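This report concerns selected features of secondary-structure packing in one protein model. Please consult the sequence and coordinates alongside the text.

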Amino acid sequence: MKKRIFALFLSALLLATVLCGCGDTKPQEAGGVGSDTTSSSREAVTGGELVVGISQDLGDSLDPYQLTAAGTREVLFNIYEGLVKATATGAYVPAVASDSSVSEDGLTYTFPLRKDVKFHNGDTVTSEDVIYSFKTCAETTVDTALAAALSSMKDISAKGETITITLSEPNPDFLSYVGMVFIVPADYTEQSTSPVGTGPFRFVSRSVQENLVMEKFDGYWGQAAYLDRVTLKIFEDANALMSALSAESVDMAIHLTVDQVATLSADAYKTLEGTMNLVQALYLNNDKEPFDNEKVRQAMCYAVNVKDILNLTGEGHGTQIGTSIYPAFTKYFEESLSDAYPHDTEKAKQLLKEAGYEDGFSMTITVPSNYTPHMNVAEVLVEQLAQVGITATLEPVEWETWLSRVYAGRDFEGTVVGFDASNLSAGALLNRWTSDDENNMINYDNAAYDKIMKEAAVTTDDTKQTELYKQAAKMLSDTAANVYIQDLADFVVLKSNLDGYQFYPLYVLDLSTIHYVK
């Protein structure tokens, strides 16, 4: 007997952490309107255009299997879909597939395709497209966790329009990775510049470092988007974005700080608050002196006063965290780890002395300059580290420089950024710190950690897997892999005549539910 597997994941995931009110309606399919965090009694209007201010360009490629930046994935969520799709409630529901089941031994997944799903080029999705997408993703994806999950595929085949995937070993997180395999037309070669998917919006155009334009896809299989057209306007300079908001030339902006929203007209814009679902930390290159010394890293953790950081940079908004799991991952999140290193400058100095750095040391903190929340936190860190003899110099760099030099090249000492989960799996947050993971930019090398993560990847016992993930998260804290800070508060502003924005447990910007009201 097969088990039905939709809505297996994190049923109470985000609702307790989002600070603004949520509606009672929950989506049953990915095309549904779902819970509306800005719901009101005003009547929704179909149509209209929207200009959204975003803080970073979308990288060199729009190919769904080449996405590295969270900001690119959050936007392309509107264009691409998988067989299943995450919702704002933390469940996976049918998208290109109409249903799903898994065998009792956890090895065979079956996905009947939804009838008459259209690509943005007008072609109907076939089983050939799905098989092509899975094989191409497995061979080319830059997401190492996804690549590892797909490497366990022993076979993928079709009988009519039903897809069967057989695994070589059970993977309890496999459905979440299925949702990351975006379905594209077989043998289409222009995805990097002119993407074609099945989502509620279709790609229109892109001007590098300026904008990306999408329009409503009239052939969408599910609940149609309200808006006719969306322009995502890029403001890599935070002052330029604030000027545009002051002039009311953008209709919506995401990922703002509390200081930024405080300057806006309450008559023109309304502000929503949630969490970014990011692990913001001072990430340290464990392969460089003195950060290869665990006592030095622990000293830095004691030197940092997270509560003061939250107060100084966000008026107390944000959630303190102590490891690489953020609160939306409810069953894996250990709140006690947030206080594993209470602020203690004397203890920090003592640890530095034991490590051979009684007189402190100098370091550089490299930060992407277009992210105001990270820049603000880095500035406070410089002052706090100075109190224990660590002289930190702030180095702002452009986003593309950060990606190439810091993330890909691992040429840095410390950096302040936030890492998200690409799917609703704790493994997506924790796997990157295994020693052989290509995304392990901090060069964390811990054989005990690797062993725990390998065991967690293959166990079919959810209780056991949960405990293993908790052990791994605690190990990151115990060894002070990084100086963990917070899951940032996420402020979104919309013009007062807009409704329908939804916060997700992932880094997602769902434009399909946003609408004008009258």
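The model is predicted: local features need pLDDT of at least 70, side-chain atom pairs count only at pLDDT 80 or more, and totals for chains, interfaces and linings use all residues. Residues are numbered from 1 along each chain as its sequence is written, and side-chain values use heavy atoms, without hydrogens and water.

An open sheet of seven strands has the order β10-β11-β12-β3-β13-β21-β14, with mixed pairing. Strands are DSSP runs of E with at least two residues, and helices are H or I runs of at least four, numbered from the N terminus; pairing requires at least two bridges by DSSP. β10 and β14 are the edge strands, each pairing on one side only. β10 pairs with β11 in the antiparallel sense over six bridges.

| Strand | Residues |
|---|---|
| β14 | 269–275 |

Helices α7 (residues 294–303) and α9 (residues 345–354) pack at about 165 degrees, their axes 8 Å apart. α7 is therefore roughly antiparallel to α9 (an angle over 145 degrees, on a scale from 0 to 180 degrees between N-to-C directions of axes fitted to C-alpha atoms).

Valine 261 lies in helix α6 (residues 258–262). At 12% relative accessibility, valine 261 counts as buried (under 20% relative accessible area, 1.4 Å probe, protein chains only). Outside four places in sequence, valine 261 touches Leu256, Thr271, Phe491 and Val493, contact being heavy atoms within 4.5 Å.

Note on methods:
Parallel < 35°, antiparallel > 145°, perpendicular 65-115°, else oblique. Buried < 20%, exposed > 50% of the residue type's maximum accessible area, 1.4 Å probe, protein only.
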